[in-house]
Amino acid sequence: MLDEVETVLEVLATELKVPMSRVRSAQSLRNDLGMDSISAANALFTLEEIYGVELPLESADGVDTVSGIAAVVRRAVERRSGVDGARRSG
Amino acid sequence: MKAAARVLGVALAAGVRTARPSEVVFLRDAFDTAGFARSEPQVLIVCYWIEDAFLLILADYWLRTRSQEKLPEFQPICDDTFGGSVTKSLLEALGRKAATLRRHKSAERIADLQQIIRSRTSIGIAVDGHGPYGRVGASFCRFAERCSALIIPIAARARFCLTPRLRARIAVPAPRIPVAVAVAAPISVRPGESLSPDAVESGLWAARRSAVELTQAPRLSPE
């Protein structure tokens, strides 16, 4: 999970044009970082490009925080790994 | 609230359908240029000031039902506030599909934006929907950059308008007053290019000036 958190911090800092040290994992995107939804959507697309996964937000609870987004990324990466593993063993 | 918005939207639609005939003039030169540019698969974002939104809905309906002319094909974006819900209901009652951008929960709004960007659907959006009015926000520009969109600034004007005291600034044409719609030169945002709010604002004001000129043309005088 640590890797995902680091990457999310980096992507958000880039999107917000602030030093990475100012972004912390427990922060709320909106309330603490002042991030609007378009910036957040942009950050998610950047993460999709980095990890090569689609980030589904149908159950959108928790994606309002840095750690919440990292968890969504982690789940998407694990899901893809599971599918890839099943394909290889199949 | 949803039921009330729906009832109001349907009632407004009935009013639009039964309104006495009014001329709608569509200055389409720039749109023809835009249509030509769309030989490349670029997402179309039709943008307008919120003040023009109701006039555009009327003009769109009247053009579709009474004229060979048509506005560009796009799906207007409405939020889930009361005004947005009324507008969505009105559009749907008039035969235009609209998309919803949920406003209150930021996570849901992000998901809606993701969906819109992924679908690469041509959309219509009021760029100053929640104020400050007459200004284009940087977030709209970033959205257009992300979509690598072709932006069509569009404006609608009527010679005489009522401006009801609503939370959003909306112009409603007086009965039997012709409405003019004008499109400014399209703005193409290529991948990796940046878009400035000033460029979009200039396009919108240019479209507005054209629409105002059309409403002042002698042949558009009320009977």
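These legends go with several close-up views of a predicted model. Local features need pLDDT of at least 70 and side-chain atom pairs count only at pLDDT 80 or more, while totals for chains, interfaces and linings use all residues. Residues are numbered from 1 along each chain as its sequence is written, chains are lettered from A and ligands numbered from 1 in the order in which they are written, and side-chain values use heavy atoms, with hydrogens and water left out.

**View 1. Where chain A meets chain B.**
Here 20 residues of chain A are in contact with 16 residues of chain B (contact means heavy atoms within 4.5 Å). Together the two chains bury about 1600 Å², with 58% of that on carbon and sulfur atoms; buried area is the accessible area (1.4 Å probe) that two parts lose on being put together, summed over both. On the chain A side, A:Ser37, A:Ile38 and A:Phe45 supply 35% of the area buried against chain B, more than any other three residues. The interface also has 5 salt bridges (a side-chain nitrogen of Lys or Arg within 4 Å of a carboxyl oxygen of Asp or Glu). There are 9 residue pairs in polar contact across the interface, both residues at pLDDT 80 or more. A polar contact is a pair of N or O atoms within 3.5 Å; within protein, one must be able to donate a hydrogen and the other to accept it, and residues adjacent in sequence count only if both atoms are side-chain atoms. Helices (H or I, at least four residues) and strands (E, at least two) are DSSP runs, numbered from the N terminus. Chain A's side divides into 9 nonpolar, 4 polar and 7 charged residues; Ala, Val, Leu, Ile, Met, Phe, Trp, Tyr, Cys and Pro count as nonpolar, Asp, Glu, Lys and Arg as charged, and the others, Gly among them, as polar.

B:Arg118 pairs with A:Glu48 in a salt bridge, 2.3 Å from N to O. A:Glu48 is buried, at 10% relative accessible area, whereas B:Arg118 is partly exposed at 29% (buried is under 20% relative accessible area, exposed over 50%, partly exposed in between; 1.4 Å probe, protein chains only). The other arginine, B:Arg142, makes a side-chain polar contact with A:Ser39 at 2.4 Å. A:Ser39 sits in helix H2 and is buried, at 5% relative accessibility. Leaving out residues up to four places away in sequence, A:Ser39 touches A:Glu15 and B:Arg142.

A:Glu78 and A:Arg74 form a salt bridge, with their closest N and O atoms 3.2 Å apart. Both belong to helix H3 (residues 66-89) and are 4 residues apart, about one turn of the helix. A:Glu78 is partly exposed at 45%, and so is A:Arg74 at 30%.

**View 2. B:Arg96 in a loop of chain B.**
The loop in question runs between helix H4 (82-93) and strand E4 (99-101). B:Arg96 is buried, with a relative accessible area of 6%. A polar atom of the B:Arg96 side chain lies 2.8 Å from the backbone oxygen of B:Phe74. Beyond residues up to four places away in sequence, B:Arg96 touches several residues, including B:Asp60, B:Arg64, B:Glu73 and B:Leu91.

B:Asp112 and B:Arg102 meet through their side chains in a salt bridge (2.8 Å, N to O). B:Asp112 lies in helix H5 and B:Arg102 in the loop between E4 and H5, so the pair ties together parts 10 residues apart in sequence. B:Asp112 is buried at 11%. B:Arg120 is in the loop between helix H5 (106-119) and strand E5 (123-126), and its phi is near 50 degrees, a positive value in a residue other than glycine.

View 3. B:Cys161 is 10 residues from B:Ala171 in sequence and 5.8 Å away in space, C-alpha to C-alpha. Apart from neighbours within four places in sequence, B:Ala171 has contacts that include B:Glu51, B:Phe54 and B:Arg157.
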